[in-house]
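I opened my notebook to look up a few things in a new structure. Come along and have a look with me.

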Amino acid sequence: MNDGLLPGFARSSVEVEGLRVNVRTAGEGPPVLFLHGYPQTHLIWHRVAPLLADGFSVVLADLRGYGDSGKPPSDPLHLTYSKRAMARDQYLLMRRLGFDRFAVVGHDRGARVGHRLALDHPEAVSAFAALDVVPTRYAFEHADAEFASGYYHWFFLTAGHGIPEHLIGLDPGFWVRTRMNARHHGGSAFDPAAVDEYVRCFSDPAAVHASCEDYRAAATVDLEHDREDSGRRLECPVLLLWGEHSFVGRHYDVPDAWSAYASDLRGHALDCDHYVPEEAPEATAASLRAFLTGTAPTA
């Protein structure tokens with residue numbers, strides 16, 4: 001694991017219900033949990049987290065199945081990698097760290113986990129920031145040819161019989177690098193050391209399988225859970241940040257897409273593509289600081 005990208009952040013492995021969660025922590029102040037997307041790890045926050053650690057207790061975690069967190073065996077119904085299960089890991093992690101109420105910031109898959117965390121544990125989530133996503137159910141219900149082309153990996157990764165696992169496993173470095181480079185427009189270049197870490201973690205066949213299960217769950221059991229919660233709006237304040245040049249920014253009216261899912265919405269586009277925390281770290285950190293300062297729980 002590369003420790004040079006996050007100097008001053010303590011690294012630990014916390015066990016929750018038999019699962020090992022890889023986590024980094026730094027700072028003091030209101031607690032904030034940061035969750036990464038695909039195919040990254042907690043290191044996607046390596047440019048943002050140090051800018052916020054002076055005023056917040058920053059927690060960076062690898063989702064189950066990703067990075068150096070545990071990768072439990074999957075099941076036929078994909079429940080093991082449902083967002084409900086992944087959210088529970090993070091809820092229990094924060095409790096183990098001594099935080100009963102905290103903000104959640106999620107990018108990509110991490111935002112989907114954060115959304116479920118805020119739904120399942122509203123008493124724990126004081127605020128939620130979702131970066132470059134629209135809700136999963138909304139995305140599927142509004143899917144069209146452009147979506148299928150731009151988000152082809154959503155369908156490829158759900159294929160059965162080990163097909164995506166085998167094909168990605170032949171050259172995981174090619175998969176990670178091409179996925180990321182295809183969704184980058186201007187802004188800061190990716191740090192080669194961070195990309196090397198993503199490739200290292202994704203070179204584990206268990207990680208490739210777990211990530212496929214994440215997407216299989218999204219297309220099945222996650223949708224069931226989301227439909228059960230149809231009509232429920234998040235109770236906490238929600239910040240939406242998205243890339244002006246990303247598929248999300250070009251294809252959706254992002255606040256409108258979230259309007260049926262949350263009541264207290266605010267947000268704006270940033271001059272970047274999909275990987276908001278790495279491409280526009282200063283703007284991301286400034287937006288998050290303003291939002292988190294205004295929504296921090298009182299002692």
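Which helix gives the most to the lining of the largest cavity? I found that α3 does, with five residues. I worked from a predicted model, where local features need pLDDT of at least 70, side-chain atom pairs count only at pLDDT 80 or more, and totals for chains, interfaces and linings use all residues. Residues are numbered from 1 along each chain as its sequence is written, and side-chain values use heavy atoms, leaving out hydrogens and water.

**Cavity entry.** I looked up the largest cavity and noted a volume of about 120 Å³. A cavity here is a set of points on a 1 Å grid over the protein atoms alone where a 1.4 Å probe fits but cannot get out, and lining residues have an atom within 4 Å of a point. Its lining has 13 residues, and Lys 83, Arg 112, His 115, Thr 136 and Asp 226 lie nearest the centre. Both α3 (109-120) and α11 (221-228) supply at least two lining residues each; helices are DSSP runs (H or I, at least four residues), numbered from the N terminus.

**Asp 214 entry.** I found Asp 214 in helix α10 (residues 205-218). Asp 214 counts as buried because its relative accessibility is 0%; buried means under 20% relative accessible area, exposed over 50%, and partly exposed in between (1.4 Å probe, protein chains only). Beyond neighbours within four places in sequence, I saw Asp 214 in contact (heavy atoms within 4.5 Å) with residues including Tyr 66, Lys 83 and Arg 109.

**Ile 163 entry.** I placed Ile 163 in helix α7 (residues 163-170). Ile 163 counts as partly exposed, because its relative accessibility is 41%.

Note on methods:
On a 1 Å grid over the protein atoms alone, a cavity is a set of points where a 1.4 Å probe fits but cannot get out, and a pocket is an open set with protein on both sides within 12 Å along at least five of seven lines; lining residues have an atom within 4 Å of a point. Grid points are joined across faces, edges and corners, and a volume is the space filled by probe spheres set on the points.
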